[in-house]
Amino acid sequence: MKIGVLALQGAVTEHIRSVEQAGAEGLAVKQVEQLDELDGLILPGGESTTIGKLMRKYGFMQPIRDFAAKGKPVFGTCAGLIVMAERISGQEEAHLELMDMTVSRNAFGRQRESFETDLPVKGIDETVRAVFIRAPLIESVGEQVEVLSTYKGEIVTARQGNLLACSYHPELTDDYRLHSYFVDMAQSYKQSLQNQ
């Protein structure tokens, strides 16, 4: 199992470490051609506007859309969640427009309002340790989107088929269960291909 982490900006090495703890091979993705060898792709945190610009500059936009359209899993964390959303509050233009959700940038305030909490996530037995840093939140979702967790009534983890998104940084803790959940999604996709 090969899981790539888009290495344009953000906590790439931390995601790779979590992916490897979850039993898969982690790979820093810097070139579009690398997408072909992957079973899943993580879009890490950082600054969503910058990530969007770099994705356009290096030609990643359509190849990542095609990657997701094949059914390969894509996981966006923090800024990665914003990049995946169809709609961004207060902005006319979104980025990849993969997931049927409206997101609000920096909804949990600035850096000084960062915090950690234990979060129950649907499909994972025990609570997940979540680090919120200038985190976005999901304001609303379409019918195809399953809400996996909320924090104080706000949606912070969601899934739409092969797409997974969370407002927080699961890679900044020793808890790799959300990465395991994503690796399982990639495993299921690979098995479905073999069964065809």
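Strand 6 (residues 99-104) is largely enclosed by the rest of the structure, because 5 of its 6 residues are buried. Here buried denotes under 20% relative accessible area, exposed over 50%, and partly exposed the range in between (1.4 Å probe, protein chains only). Helices (H or I, at least four residues) and strands (E, at least two) are DSSP runs, numbered from the N terminus. The model is predicted: local features need pLDDT of at least 70, side-chain atom pairs count only at pLDDT 80 or more, and totals for chains, interfaces and linings use all residues. Residues are numbered from 1 along each chain as its sequence is written, and side-chain values use heavy atoms, with hydrogens and water left out.

Attention now turns to the charged side chains. The whole structure contains 10 salt bridges, each defined as a side-chain nitrogen of Lys or Arg within 4 Å of a carboxyl oxygen of Asp or Glu. One of them links Asp-39 to Lys-190, with the closest N and O atoms 3.6 Å apart. Asp-39 lies in the loop between strand 2 (25-29) and strand 3 (40-43), and Lys-190 in helix 5 (residues 177-194), so the pair ties together parts that are 151 residues apart in sequence. Asp-39 is buried, at 11% relative accessible area, whereas Lys-190 is partly exposed, at 29%.

Another salt bridge joins Glu-93 and Arg-56, whose closest N and O atoms are 3.5 Å apart. Since Glu-93 belongs to the loop between strand 5 and strand 6 and Arg-56 to helix 2 (residues 48-57), this contact ties together parts that are 37 residues apart in sequence. Glu-93 is exposed, with a relative accessible area of 53%; Arg-56 is partly exposed, at 37%.

Asp-118 and Arg-129 also form a salt bridge, at 3.1 Å from N to O. Asp-118 is in strand 7 (residues 115-119) and Arg-129 in strand 8 (residues 128-132), so the pair ties together parts 11 residues apart in sequence. Both are partly exposed, Asp-118 at 43% and Arg-129 at 28%.
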